[in-house]
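Please take a moment with the sequence and the 3D view before reading on.

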Amino acid sequence: MARRIDVTGTDGVRLAAWEFGDPPKDGTDQAEAGAASGPGVLLLHGLMGRASHWASTARRLSARYRAVALDQRGHGRSEKPPQGSFTRDAYVDDAEAALEQLGLGPTVLIGHAMGALTAWQLAAKRPDLVRGLIICDMRASALGAASQREWAEWFKTWPLPFATLADVRKWFGEDDPWVERPHPTRGEFYAEVMAESPDGWRPVFDPEQMLRSRETWVFDAHWEELAQVRCPALVVRGLDGELGRAEAQEMVRVLPRGQYAEVADAGHLVHYDQPETWLAAIEPFLDTIGGG
């Protein structure tokens with residue numbers, strides 16, 4: 001099961017966190033529950049994602065950990081303030097606030113793409129709150145202005161609104177110009193971030209807010225924060241993902257306690273493309289840092 005817990009992020013933004021596994025006893029506050037239910041894991045989705053994308057991972061981990069996935073600001077069921085801040089600091093401060101309010105620390109942070117960047121920036125900022133880090137398919141290098149322009153143009157190609165969820169799955173899994181070959185899992189991934197509106201199916205996020213979020217990291221490299229991570233860290237890449245092997249191995253070298261794993265037959269959506277192989281890659285690392 002998944003239980004929603006509301007937390008408050010920076011600037012008062014309301015965030016939805018989802019705890020997988022058995023809930024705490026009635027009358028137990030979050031900090032007490034965290035201390036009583038064992039080591040914590042906080043899962044952070046990528047840009048345009050949502051906490052439910054971590055469901056299979058969180059359910060598996062909930063047998064040994066207190067597993068919580070966070071809908072980050074502008075995503076999922078969390079607040080999407082029109083004039084809100086979508087800076088790196090805002091995302092990192094939100095995750096920090098969630099850890100403290102949920103009583104999860106010191107925790108293992110597991111992040112995909114943008115969520116992985118948030119995770120390692122928080123690990124660098126608050127080493128007392130983070131005892132382990134898993135980075136899933138996120139680059140440390142700057143992506144540049146061309147990448148941001150490509151994303152802005154890509155959003156314009158979306159044939160909104162979609163008439164049905166089947167149309168969502170087909171477009172993102174087959175017809176999207178960014179898809180080189182049929183990718184059903186990708187279609188399912190995007191179907192999960194759509195909601196029905198009076199005229200059809202539209203994303204639960206605002207594409208302009210996604211671009212605002214993205215522009216706060218694509219122009220800069222993030223090697224310095226990576227080097228400041230003191231806890232054990234695992235860098236995981238899909239063999240067909242966006243993080244190349246050479247860059248991933250350099251990230252491992254820069255991390256003071258870095259390790260490396262890769263998942264075959266997986267693209268950028270590593271944990272969604274190959275959930276069992278992904279779990280097989282991360283569970284030995286979790287075993288080495290103990291507490292579960």
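The report below starts with the whole chain and then turns to single residues.

## About the model

This is a predicted model, in which local features need pLDDT of at least 70, side-chain atom pairs count only at pLDDT 80 or more, and totals for chains, interfaces and linings use all residues. Residues are numbered from 1 along each chain as its sequence is written, and side-chain values use heavy atoms, with hydrogens and water left out.

## The chain as a whole

Twelve helices and ten strands make up the secondary structure of the chain; these are DSSP runs numbered from the N terminus, helices being H or I with at least four residues and strands E with at least two. The C-alpha trace spans about 50 × 45 × 35 Å along its principal axes.

Of the 292 residues, 54% are buried (buried means under 20% relative accessible area, exposed over 50% and partly exposed in between, with a 1.4 Å probe and protein chains only). Among contacts between residues at least 6 apart in sequence, 73% join residues at least 24 apart, where a contact means heavy atoms within 4.5 Å.

## Aromatic rings

You will find 19 aromatic pairs here. Rings of Phe, Tyr and Trp (its six-membered ring) pair if their centres lie within 6.5 Å, and planes under 30 degrees apart count as stacked, over 60 as edge-to-face and the rest as tilted. The W158 and F205 rings are edge-to-face, because their planes stand at 75° with the centres 6.2 Å apart. W158 sits in the loop between α5 (145-157) and α6 (165-175) and F205 in the loop between β8 (200-203) and α8 (207-214), so this pair ties together parts 47 residues apart in sequence. Both W158 and F205 are buried.

F189 and Y190 also form an edge-to-face pair, at 5.5 Å centre to centre and 70° between the planes. F189 is buried at a relative accessible area of 5%, and Y190 is buried at 7%.

## Backbone details

Most residues other than glycine have a negative phi, and most peptide bonds are trans. A cis bond joins G105 and P106, with omega about -10°; P106 lies in the loop between α3 (88-102) and β5 (107-112). Another cis bond runs from L160 to P161, with omega near -10°, and P161 is in the loop between α5 and α6.

Two aspartates have a positive phi: D137, near 50°, and D265, about 60°. D137 is in the loop between β6 (130-136) and α5 and is buried at 2% relative accessibility. D265 is in the loop between β10 (258-263) and α11 (270-273) and is exposed at 63%.
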